[in-house]
Amino acid sequence: MLQRVELFHFKNHTQTVVDFNSSFNVIVGRNGSGKSAILDAIEWCLFHSKGKELRASSHKDLVNKFKPPHEVMAVQITLADKKKLS
């Protein structure tokens, strides 16, 4: 079970933490706020997807290059054993 996603300079996120506390979670926000980037981060972390699959021409495009520009990015996910949560 997915418990937490942490993004550090991934796409348009500088530093974002999303906690998934229940069995039903919703990510909402205006257009361009980075909702799909959170899902892309999960996919990239679990499957190390190609840049094109994540709407980027290369992995370099996944790094947040806004003010100030950054050279590195990180995605960390926390998984929990569902049996231990009960």
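Colleague: Which residues is V5 in contact with, leaving aside its neighbours within four places in sequence?
Modeller: V5 is in contact with T16, V17, V18, F20, I42, Q76 and I77. Contact here means heavy atoms within 4.5 Å. This is a predicted model, in which local features need pLDDT of at least 70 and side-chain atom pairs count only at pLDDT 80 or more, while totals for chains, interfaces and linings use all residues. Residues are numbered from 1 along each chain as its sequence is written, and side-chain values use heavy atoms, with hydrogens and water left out.

Colleague: Which members of the largest nonpolar core touch the most other members?
Modeller: The core has 15 residues, and V5, L7, F10, L62, M73 and V75 touch the most other members. β1, α1 and β3 each supply at least two residues of this core, and α1 gives the most, with 4 residues. A nonpolar core is a set of buried Ala, Val, Leu, Ile, Met, Phe, Trp, Tyr and Cys residues joined through side-chain atoms within 4.5 Å. In soluble globular proteins, nonpolar side chains tend to be buried together.

Colleague: Why is V63 called buried?
Modeller: Buried means under 20% relative accessible area, exposed over 50%, and partly exposed in between, with a 1.4 Å probe and protein chains only. V63 has a relative accessible area of 11%, and therefore V63 is buried. V63 is placed in the loop between α1 (35-47) and β3 (74-79). Helices (H or I, at least four residues) and strands (E, at least two) are DSSP runs, numbered from the N terminus.

Colleague: What makes H13 count as buried?
Modeller: The relative accessibility of H13 is 7%, which is under 20%, so H13 counts as buried. H13 is in the loop between β1 (2-8) and β2 (15-19).

Colleague: How do you know that V26 counts as exposed?
Modeller: V26 has 56% relative accessibility; this is over 50%, and therefore V26 counts as exposed. The place of V26 is in the loop between β2 and α1.

Colleague: How many helices and strands does the protein have?
Modeller: There are 2 helices and 3 strands, and from the N terminus on the elements run β-β-α-β-α.

Colleague: What share of the residues of the protein count as buried?
Modeller: Of the 86 residues, 30% count as buried.

Colleague: What share of the contacts with a separation of 6 or more is between residues 24 or more positions apart?
Modeller: Such residues account for 53% of these contacts.
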